[in-house]
Amino acid sequence: MTQEKKQISENFNSTANLTTNAQFQSTFSISSKDVNEKPYNPFEHRQLEHPNSTFGSTLHLLKACLGTGILAMPAAFKNSGLAGGVVGTLLAGLICTHTVHALVRASQELCVIAKKPSMGFAETCGAAFTHGPKPFRSWGSTVKVVIDYSMAITYFSVLCVYVVFIGSSFKEVLDVYLPDLQLSIQTYCALTLVPLVIICQIRNLKYLVPFSAIANVLIVIVFAITLYYVFADLPPISERETVSKISQWPLFLSTVIFAMEGIGVVMPVENEMARPQKFLGCPGVLNTAMIIVITLYGIVGFFGYVQYGNDVKGSVTLNLPQDEIMAQSAKLIMAIVIYFSYALQFYVPMEMINRLLQNRSSNKYENVIQISIRTVVVTLTVAIAAAFPNLEMVISFVGAIFFSTLGLFIPAVIDTVFLWDRGLGRFNYVVFKNAIIAIISIIALVSGSYVSVLGMIADFSEHSHQNTTV
């Protein structure tokens, strides 16, 4: 029995440097004297070298949510209409906030049960099954591995979006200042390969901190410039659709989910807090950050669509005037921000690959293997981006397939499994509530991916035809 419990504890060690704190050590104990001791408090056992304040944690969560997604909101409103976008953004924000709340609450309670200071996303999902209903307890390790791999694939897809964004931004600018060049979007995506391979050879996260700091300053500049043009000489609201065709709604839903979901960074932020009990509750870090996020997303989406209408692009920065230096500089600055962000997001899939490499019997040729694998992974993202360079459709596809699953469906399942033997509320409302969230996730998954794939295929065929004609 002792060995079995020890094994369970070991099965839930952190597996991602970006999603857990490497210093957290399990304090799981099976000594009989623990029975008479006070209940285990995981917050008291967190040994953080540099814990974040409540305010700092709010800023971290805002930073995670206010990225490229907010620039895609005007395109989302194009697929919903003004009224549909406002209502849809509010509902999507409430659902995303609720699923994060359920996941964090389950994680904190599972830490008490398993006697661990903290758990990451995949770790929490596995523990929910291990300490859940008896028929599902043997699934814990499998669920953890599946979620771990899903996170890696999700962030790989985000890297593809980043390549498209960088290529599109440079094409928008260079087509104006170098009219004789007129390279294709695929060529610009391909040209990102060497710079991305170089920065992704950085293996220690701390060496990317200066780049991240620079990116934070630059993105504020981009937002300021973008909002300046968005609010300049707004056309009448009556010129825009109030509610778009229902066939376009899946694109709205999947884009908003992509923009808002920060499920991969939620647990790291909570795990690094000096006072993690302040993450949930009212006002709390989560509620405060999400109120700001929903408000900003609604404002940028609404007025961005009012300004540019159906001509709005996958990132509103691409709609900025081509004959003004300030507007063009914003596009290049944002491309640089995404370039730095690419290196940071690259750590998630690489961490999983590095764990697989640890099973080798020898560390011989370690540098050669690392350089080769990093080069291959970057090359794959660039190749996929070049094949499907429609930024709006790629964002919608990633949101529909990956973030609707990890951000909505999985938390709903985990919440149900965890509470199954612990109380599902009056009339089992938890089951019905999570069933509705799961259905919304499935609708976003099926309809959003279907419409996105059709759009990407059409776009791919159009580019192929143009290249053949040339």
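Predicted model: local features only at pLDDT ≥ 70, side-chain atom pairs only at ≥ 80, totals over all residues.

**A loop and its surroundings**

Author: Phe427 is placed in the loop between helix H17 (391-419) and helix H18 (429-469). The backbone of Phe427 deserves attention: its phi is near 60°, a positive value in a residue other than glycine. For context, most residues other than glycine have a negative phi. The side of the question that concerns the surface is also clear, because Phe427 has a relative accessibility of 68% and therefore counts as exposed.

Gln182 lies in the loop between helix H7 (140-177) and helix H8 (185-191). Gln182 is not a glycine, yet its phi is positive, at about 45°. With a relative accessible area of 46%, Gln182 is partly exposed, whereas Phe427 is exposed.

Ser441 is buried, because its relative accessible area is 2% and the cut-off for buried is under 20%. The side chain of Ser441 reaches the backbone oxygen of Ser404 at 2.7 Å. Leaving aside neighbours within four places in sequence, Ser441 is in contact with Ser404, Thr405, Leu408 and Phe409.

Helix H12 (residues 263-271) has nine residues, of which eight are buried, so the helix is largely enclosed by the rest of the structure. The buried residues of H12 are Ile263, Gly264, Val266, Met267, Pro268, Val269, Glu270 and Asn271.

Two cysteines are buried as well. Cys96 counts as buried because its relative accessibility is 4%, and Cys189 counts as buried because its value is 0%. A disulfide is a covalent bond between the sulfur atoms of two cysteines. With a cut-off of 2.5 Å between cysteine sulfur atoms, the count of disulfides comes to zero.

Val86, Val87, Leu90, Leu91 and Leu94 make a nonpolar surface patch of about 450 Å². One of these residues, Leu90, is found in helix H5 (residues 82-114). Leu90 counts as partly exposed because its relative accessibility is 45%. In an α-helix there are 3.6 residues a turn, so residues three or four places apart point the same way.

Key: Residues numbered from 1 in each chain as written. Heavy atoms only, no water. Patch = residues over 30% accessible without salt bridge, like charges linked within 9 Å, V, L, I, M, F, W, Y side chains within 5 Å. Areas by Shrake-Rupley, 256 points an atom, 1.4 Å probe, with all protein chains shown as cover. Salt bridge = Lys/Arg side-chain N within 4 Å of Asp/Glu carboxyl O. Helix = DSSP H or I, 4+ residues; strand = E, 2+ residues; numbered from the N terminus. Buried < 20%, exposed > 50% of the residue type's maximum accessible area, 1.4 Å probe, protein only. Polar contact = N/O pair within 3.5 Å; in protein donor to acceptor, adjacent residues only side chain to side chain. Contact = heavy atoms within 4.5 Å.
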